[in-house]
Amino acid sequence: MKFVKHDLGQRSGGEIVEVILKGNAANVRLMDSSNFQYFRSGRRYQFIGVHAKRSPVRLQIPRSGHWFVTVDLGGYKGEVSSSVRMLPGKLRPFVEKPLSTIPSLVRNEQDVKYDVFISYASEDKEDVVSPLADALQAAGLSVWYDDFELGIGDSLRQKIDKGIASSRFAIVVLSKAFFNKGWPNYELDGLVTKAIDGDQILLPIWHGLTKDEVVSYSPSLADKIARNTTTQTVEEIAEEIVEVVLGEPVEV
């Protein structure tokens, strides 16, 4: 596969690389030196990036090191030219803003069937999902999650889109197991936030992940208001969700 390489050299974590494209839509990938070598040799690699249909593309460097940007057409015909420049920036710390500040999280349409939808990897069911679902159900909410364990070959797009459409409140439990099931490609397609007029309609719950790890998979995802099992118990997270869904304080 043909690609254009931009050697960014040694960069600091938090800096932002701006990629300007002219021509066809293209894949833009940000990789450290090790993953760039894997990419070039056809081995499995990790990257931060997007299939860009608009320009410019801005990607945040998650940690200090030697970084590269690659641009390619993904095997499709066409032409694209690219240039890069560095912008100042820094990682924002994880901040637990009240869920009530995101009114778009709760859908009040009459045709929804469930109060809460949970998307997750089956590896996280015992530690997080089952206790969370039990707490929500004990508070009187209807929860749809059993059909959403993510197995090999499952379509994340169909499962999450269907779950969001059928529920008032949508949750995705992010973990290393979830990312390994193809989550980065889903998010890079712009589907995780499913933004409508800039609204956030999906609440991420980080499980066993640091800010840097989330950023390494998706900088845009790391900026979304989320909950973290390292700073809150599952019961505390459930209590806040119930309060937002029902519109009043509730003990679970």
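I take helices (H or I, at least four residues) and strands (E, at least two) as DSSP runs, numbered from the N terminus.

**Ground rules.** This is a predicted model, so I note that local features need pLDDT of at least 70, side-chain atom pairs count only at pLDDT 80 or more, and totals for chains, interfaces and linings use all residues. Residues are numbered from 1 along each chain as its sequence is written, and side-chain values use heavy atoms, with hydrogens and water left out.

**Overview.** I find eight helices and 13 strands in the protein. Buried means under 20% relative accessible area, exposed over 50%, partly exposed in between (1.4 Å probe, protein chains only). By that cut-off, 49% of the 252 residues are buried. I looked next at contacts (heavy atoms within 4.5 Å). Of those between residues at least 6 apart in sequence, 78% join residues at least 24 apart.

I counted strands as paired if DSSP finds at least two bridges between them. Strand 3 and strand 6 share six bridges in the antiparallel sense; V28 has V71 of strand 6 as its bridge partner.

Which residues of helix 1 (residues 33-41) are buried? They are N35, F36 and F39. Seen down the helix axis, these buried residues fall within an arc of 105°, so they line one face of helix 1. I took that arc from the directions from the helix axis to the C-beta atoms. The buried residues pack against strand 1 (4-11), strand 3 (26-32) and strand 6 (65-72). Just after helix 1, G42 takes a positive phi of about 80°.

**A cis bond.** I checked the peptide between S55 and P56: the bond is cis, with omega about 5°. P56 sits in the loop between strand 4 (48-52) and strand 5 (57-60).

**Nonpolar cores.** My term covers a set of buried Ala, Val, Leu, Ile, Met, Phe, Trp, Tyr and Cys residues joined through side-chain atoms within 4.5 Å. The largest core has 30 residues, and V116, I118, L132, L136, F169 and I241 have the most contacts inside it. Strand 8 (114-121), helix 2 (125-138), strand 11 (167-174), strand 12 (203-206) and helix 8 (234-246) each supply at least two of its residues. Helix 8 gives the largest share, seven residues. I followed I241 beyond its neighbours within four places in sequence and found contacts with L99, V116, L132, L136, F169, I171 and L203. Another core, of 20 residues, lies apart from this one; F117, V172, L202 and L221 are among them.

**S166.** Leaving aside neighbours within four places in sequence, S166 is in contact with R107, V112, K113, Y114 and W144.
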